[in-house]
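Me: Could you show me how to read a few features in a protein model? I'm new to this.

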Amino acid sequence: MNRQTFLRAGALAAVIALVVPGPLAHAGPPLIGGAGLRPNAANLAAYVRDTYPGVLSIGGVRQDRLPDHPSGRALDIMVGGNTALGNDILADIKAQAARFGVSYTLWQVPAHYDHVHVTVS
């Protein structure tokens, strides 16, 4: 490997580390807003990414008028029009609520027909 190739590879690795830090850097649906997730939210995001390849993306930390997303305690698990997938994910998360510290979920209510919202402690 020549010096220029080595530098490009290092720059690419640095960009990947900035976009998806630490243990969340693996294959699966994209995690948007992963930096700053609380431990329960990060663990839940990793679980969903590993378990449900049909998920389109997962949204985490972002600005919002409510505190859940900005504080890193909330995830939006995007399923698009795949209601069966959303139902499966919701049932699974509810069954493991204690494991992930689930405070509440939203699914199939206004503004939550294309994603499962989960807030954790």
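This is a predicted model: local features need pLDDT of at least 70, side-chain atom pairs count only at pLDDT 80 or more; totals for chains, interfaces and linings use all residues.

Me: How many aromatic pairs does a search of the whole structure find?

Reply: A pair of aromatic rings is described by the distance of the centres and the angle of the planes. Rings of Phe, Tyr and Trp (its six-membered ring) pair if their centres lie within 6.5 Å; planes under 30 degrees apart are stacked, over 60 edge-to-face, and the rest tilted. Here the search turns up one pair. Tyr 47 and Phe 100 are tilted, at 5.4 Å centre to centre and 45 degrees between the planes.

Me: Are Tyr 47 and Phe 100 buried or exposed?

Reply: Buried means under 20% relative accessible area, exposed over 50%, partly exposed in between (1.4 Å probe, protein chains only). Both Tyr 47 and Phe 100 are buried.

Me: Where is His 117 found?

Reply: Strands (E, at least two residues) are DSSP runs, numbered from the N terminus. His 117 sits in strand 5, residues 115-120. His 117 counts as buried because its relative accessibility is 5%.

Me: Which residues does Val 48 touch, not counting those up to four places away in sequence?

Reply: Contact means heavy atoms within 4.5 Å. With those neighbours set aside, Val 48 touches Val 55, Ile 58 and Ile 77.

How values were computed: Residues are numbered from 1 along each chain as its sequence is written. Side-chain values use heavy atoms; hydrogens and water are left out. Helices (H or I, at least four residues) and strands (E, at least two) are DSSP runs, numbered from the N terminus.
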